[in-house]
Amino acid sequence: MRKRRLLSQFAIIVSILSVLVMLVLPEQVQAEQKQRIIRIAHNQSSNHPTHIGMEAFEKYIEQELGDKYDVQIYPSELLGTQTNMVQLTQTGAIEITVASNSILETFNQQFQIFNLPYLFETPEIYHAVMNDPEIVGPIFNGTEESGFITKAWLDAGTRNFYVTKGPIEKPSDLSGLKIRVQQSPTNVRMMELLGGSATPMGFGDVYTAIQSGVIDGAENNELALTENGHGDIVKNYSYTLHQMIPDEVIVNSRFLDELPAEDKKIFDHGFQIMQDTQHQAWQEKVEEAKEKAEKDMGVKFNYPDTAPFREAVMPLHKEVLEANPSLEKIYKQIEEKAKTVKAEDKEAQADAKN
């Protein structure tokens, strides 16, 4: 009897608590149900410019539409590798991620254009091209059938060689050196033309590969020296400026299509804020990385004449354009944009003198 009485009392207590929960929390539950969770995933640390740009996006969207959307950021591959995250964005399991240019090539071959070495002579031309919707718009929207489109591009700086056996002053200095490159046929061919030995591998394996002597160096931006510790084992960084390759912020197409018109305008502005913030943070981080690498890690920076490197790889431009004729129009547009930027720069210099 006593046991039965205790069970009955327990059941009554549980029932009362259930009723109290329903009375006290319905408004909170409804509010949470009204908010749509927006998941953003990327493979960089929370100190990286990419994450800083994402945080600016989150702040703006929640400031403008916080009653409707809850933006959640997942850095450092918390939701899988970059390839995994692209697949999740395709299906809509997450709404937004950052994709490398080489991954997007598999969805739209026109992204291949950005992998060409010395496509851009200067960072100014690079930015002018990437900010021109007439040039990049068709490329960015060309993956819609795959379930996503690009809404912003992120600066990944200039790619340069860093090696253990001395500075790279001319292409012949790469002869016989095993250099890690991104897993892309374009990059492998680039190294062949420069006289080095291309070793494609994942970025996470580079540190131990250099340390153990499997490779003699790699090519990447300055943050690889500090954020990834490569400056601890490589002391020569040469500004060959051979590639300027963007990362792309891709967004699930269905999510964008379902946004109300007014919300879409706010999200579009949010993507612009993300892009601008990331670009500014990138410049600041590069300066910090150079100072730290030089002063704390003992890395020496040198600035070779890039003309011989550019001349060595120009046959690759012809090869790629012949293999993929759809790139011809974009290539010519980039050439025209470069001429415009150079002319504007000369005019600005002339005005400054006067």
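Me: Which residue forms a salt bridge with Glu121?

Reply: The general idea is a side-chain nitrogen of Lys or Arg within 4 Å of a carboxyl oxygen of Asp or Glu. Here Lys342 is the partner of Glu121, and their closest N and O atoms are 2.7 Å apart. The two come from distant parts of the chain, 221 residues apart: Lys342 sits in helix H14 (residues 328-353), Glu121 in the loop between H5 and H6. Helices (H or I, at least four residues) and strands (E, at least two) are DSSP runs, numbered from the N terminus.

A word on the source: this is a predicted model, where local features need pLDDT of at least 70 and side-chain atom pairs count only at pLDDT 80 or more, while totals for chains, interfaces and linings use all residues. Residues are numbered from 1 along each chain as its sequence is written, and side-chain values use heavy atoms, leaving out hydrogens and water.

Me: How many salt bridges does this rule count? And is Glu95, in one of them, buried or exposed?

Reply: The count comes to 15. To read burial, take the relative accessible area: under 20% is buried, over 50% exposed, and anything in between partly exposed (1.4 Å probe, protein chains only). Glu95 forms a salt bridge with Arg36, at 3.6 Å between the closest N and O atoms. Glu95 is in the loop between helix H4 (82-91) and E3, and Arg36 is in strand E1, 59 residues apart. Glu95 counts as buried because its relative accessibility is 3%, whereas Arg36, at 31%, is partly exposed. Shared partners join Arg36, Glu95 and Glu258 into one salt-bridge network.

Me: Which residues make up the covered face of strand E2?

Reply: E2 (residues 69-74) has Tyr69, Val71 and Ile73 on its covered face, while Asp70, Gln72 and Tyr74 are on the uncovered one.

Me: What kind of aromatic pair do Phe57 and Phe271 form?

Reply: Rings of Phe, Tyr and Trp (its six-membered ring) pair if their centres lie within 6.5 Å; planes under 30 degrees apart count as stacked, over 60 as edge-to-face and the rest as tilted. The structure has 13 such pairs. Phe57 and Phe271 are stacked, at 4.9 Å centre to centre and 25 degrees between the planes. They are 214 residues apart, with Phe57 in helix H3 and Phe271 in helix H12 (residues 261-295). Phe57 counts as buried because its relative accessibility is 0%, and Phe271 is buried too, at 1%.
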